[in-house]
Amino acid sequence: MKIRKQTFSLDQYLKQMKVETIRTDQECQRMAGQWTSNMVSELIYTVLTDNYIPPIILGEETVNGIVRQWIIDGLQRSSSLSLFRYGNIKIAKNLDEYMVTYQRKVMDGDESSKRDAKGEIVYESVEYDIRNKTYEQLPEELKERFDGYQMETAIHQDC
């Protein structure tokens with residue numbers, strides 16, 4: 001069996017799940033939604049801090065030239081991230097680690113980016129408390145970080 005690696009942005013990966021290009025109904029997987037709120041929140045924290053998540057394992061089959069993919073390992077991770085992105089769930093209130101640091105542009109009073117004497121954009125480091133927040137409540141910078149997270153997959157071909 002040939003295995004290929006493919007990396008998606010988290011946004012791409014979740015969209016492919018949403019339109020069922022990547023299917024979540026493989027019989028060998030336990031049902032989605034088995035994780036506690038804290039487990040889901042820890043996973044979201046991992047994404048927002050750009051830490052490591054093991055690759056998702058996909059099974060791929062081709063029948064009459066049509067390629068289909070199923071999640072073989074990683075449904076809890078995948079469904080949890082999808083629920084946060086599209087399902088309006090909140091990050092738990094009782095996380096051990098909940099402050100996420102990111103940088104943002106400093107804005108002038110006229111809503112343009114502040115620049116230093118050399119004309120360079122000025123940035124500031126910000127700490128953000130993610131507890132009890134939905135995806136929509138995150139600052140734009142953290143939404144971009146979430147959507148851009150690099151999701152690794154290992155695709156088992158001719159499965």
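**Notebook: helix packing, core and loops**

I began with the helix pairs and noted that α1 and α3 are roughly perpendicular to each other, a label that applies to angles of 65 to 115 degrees, whereas under 35 counts as roughly parallel, over 145 as roughly antiparallel and the rest as oblique. The model is predicted, and I kept in mind that local features need pLDDT of at least 70 and side-chain atom pairs pLDDT 80 or more, while totals for chains, interfaces and linings use all residues. Residues are numbered from 1 along each chain as its sequence is written, and side-chain values use heavy atoms, with hydrogens and water left out.

The axes of α1 and α3 cross at roughly 95° and come within 10 Å; axes here are lines fitted to C-alpha atoms, for helices over the stretch in contact, and angles run from 0 to 180 degrees between N-to-C directions. On the α1 side I listed L10, D11, Y13, L14, K15, M17 and K18, and on the α3 side S78, S79, L81, S82, R85 and Y86, contact meaning heavy atoms within 4.5 Å. Sorted by class, this contact has six nonpolar, three polar and four charged residues, where Ala, Val, Leu, Ile, Met, Phe, Trp, Tyr, Cys and Pro count as nonpolar, Asp, Glu, Lys and Arg as charged, and the others, Gly among them, as polar.

I then looked up helix α2 (residues 37-48), whose axis comes within 10 Å of that of α3 and crosses it at roughly 80°, and this pair is likewise roughly perpendicular. Here V40, L43, I44 and V47 of α2 meet R77, S80, L81 and F84 of α3, and by class the contact has six nonpolar residues, one polar and one charged.

**Chain overview**

I counted four helices and seven strands in the chain, helices (H or I, at least four residues) and strands (E, at least two) being DSSP runs numbered from the N terminus. Along the sequence they follow the pattern β-α-β-α-β-β-α-β-β-α-β. Of the contacts in the chain with a separation of 6 or more, 73% are between residues 24 or more positions apart. Of the 159 residues, 38% count as buried, the cut-offs being under 20% relative accessible area for buried, over 50% for exposed and in between for partly exposed (1.4 Å probe, protein chains only).

**The nonpolar core**

Which residues touch the most other members of the largest nonpolar core? They are L10, Y13, L81, I130 and F146, within a core of 33 residues; such a core is a set of buried Ala, Val, Leu, Ile, Met, Phe, Trp, Tyr and Cys residues joined through side-chain atoms within 4.5 Å. Among the elements that each supply at least two residues of this core are α1, α2, α3 and α4 (140-148), and α2 gives the most, with six residues. For L81 I set aside neighbours within four places in sequence and found contacts with L10, L14, L43, I44, V47, F146 and M151.

In α4 I noted L142, K143, F146 and D147 as buried. They lie on the same side of α4, because they cover an arc of only 135° around the axis, the arc being that of the directions from the helix axis to the C-beta atoms. Their cover includes β1 (3-9), α1, α2, α3, β5 and β6.

**Single residues**

R85 lies in helix α3 (residues 75-86) and counts as buried at 18% relative accessibility. Not counting residues up to four places away in sequence, R85 touches D11, L14, Y135, E136, F146 and D147.

I89 sits in the loop between α3 and β5 and is partly exposed, at 27% relative accessibility. T134, in the loop between β6 and α4, is buried with a relative accessible area of 6%, and beyond four places in sequence T134 touches F84, N88, I89 and K90.

Last, I checked backbone angles, given that most residues other than glycine have a negative phi. D50, in the loop between α2 and β3, has a positive phi of about 55° although it is not a glycine, and D50 is exposed at 57% relative accessibility. E111, in the loop between β5 and β6, has a positive phi near 65° and is exposed at 69% relative accessibility.
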